Amino acid sequence: MFNAVNSAMEMFKDFMANQNEKRDKIPPQTNRQNNSESSRVNEFLKLSPQVFHGSIVDEDPLLWMEGVNKSLRVMKVFDDKAVELAAYQLRDVAGAWFEMWEKERDEDDGPPTWEEFEEAFMANFIPEEDMATKATQFEQLKQGNKSVQEYYMEFIRLAKHAPHMVKTEKAKIRRFVGGLAYHIKDTTLAAAVGMTTFSSVVGFAKHLEKDRQQRREEKEHNKKSRTTGRFNGTSSGGRRDSSNKESLAPA
């Protein structure tokens, strides 16, 4: 009897030791999840994304959205986790709106996607008339006296208000080239036929502009050099004539 009890105790000790060893090697799933989420949030906050209140007059919801988008791209977060991270930076009215928006969603919809959140956020915090105005600005956008870089930045800023015009790379390229200044538009349009990405077309337009600018500067420099050379030649010739006259004068 004693041997049986003793044997059972030893088996129990071995079992517990084995369980403890497994527990030390493999942390609980919930702990791993909590640590992962905490690490993700800390990484996001280290990028210093702006806080949005939704109740401050000078707040720019588009600027906030752009800043958050930039931080999420750095972290390479694009799924529903992106919505959770963005929600950390919503306060006051914006925070209350987010909670209501989440509750109003159907349970069958699943976690909200970033596209759904972005669309709902902009619809709630950007007046419809402002959206329409910016869409019109994009439709009428021209390079004018701006540099290609300045035109490109304005293009990107306004494009989000007219998504129907930039649904594909081809549509985006067509709209961008259509607004370029006449002196680089035709050449860029011809080159764009063999390009498939928007970034390639923008890069070509910038290079073309720089090349044209360098040629103009060289032309101006050469023109000034020729003008200066003729002036110096005339001045020297005038002095030589004067000297000759003096030498020919009777002593």
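Among the contacts in the chain (heavy atoms within 4.5 Å) with a separation of 6 or more, 66% join residues 24 or more positions apart. The model is predicted, with local features needing pLDDT of at least 70 and side-chain atom pairs counted only at pLDDT 80 or more, while totals for chains, interfaces and linings use all residues. Residues are numbered from 1 along each chain as its sequence is written, and side-chain values use heavy atoms, leaving out hydrogens and water.

**Overall make-up**

- The chain has 11 helices and zero strands, where helices (H or I, at least four residues) and strands (E, at least two) are DSSP runs numbered from the N terminus.
- Of its 251 residues, 26% count as buried, meaning under 20% relative accessible area, against over 50% for exposed and in between for partly exposed, with a 1.4 Å probe and protein chains only.

- Helix H5 (residues 92–104) has 13 residues and should span 18 Å at 1.5 Å a residue, which agrees with the 19 Å between its end C-alpha atoms; the expected span is 1.5 Å times one less than the number of residues.
- The buried residues of H5 are Ala94, Gly95, Trp97, Phe98 and Trp101.
- Seen down the axis of H5, these buried residues fall within an arc of 160 degrees, so they line one face of the helix; the arc is that of the directions from the helix axis to the C-beta atoms.
- That buried set packs against helix H4 (80–87) and helix H6 (114–125), whereas the face of H5 turned away from the buried side carries the exposed residues Asp92, Glu99, Lys103 and Glu104.

**Helix H8**

- In helix H8 (residues 148–159), the 12 residues should span 16 Å at 1.5 Å a residue, and the end C-alpha atoms are 16 Å apart, which agrees.
- Val148, Tyr151, Phe155, Leu158 and Ala159 are the buried residues of H8.
- Those residues cover an arc of only 100 degrees around the axis, which puts them on the same side of H8.

**Glu59, a buried acidic residue**

- Glu59 lies in the loop between helix H2 (29–46) and helix H3 (61–75).
- Although buried, Glu59 has no salt bridge, and the nearest side chain of opposite charge, Arg91, is 9.6 Å away; a salt bridge requires a side-chain nitrogen of Lys or Arg within 4 Å of a carboxyl oxygen of Asp or Glu, and for charge Lys and Arg count as positive and Asp and Glu as negative, with His and the chain ends not counted.
- Not counting residues up to four places away in sequence, Glu59 touches Val51, Phe52, His53 and Gly54.
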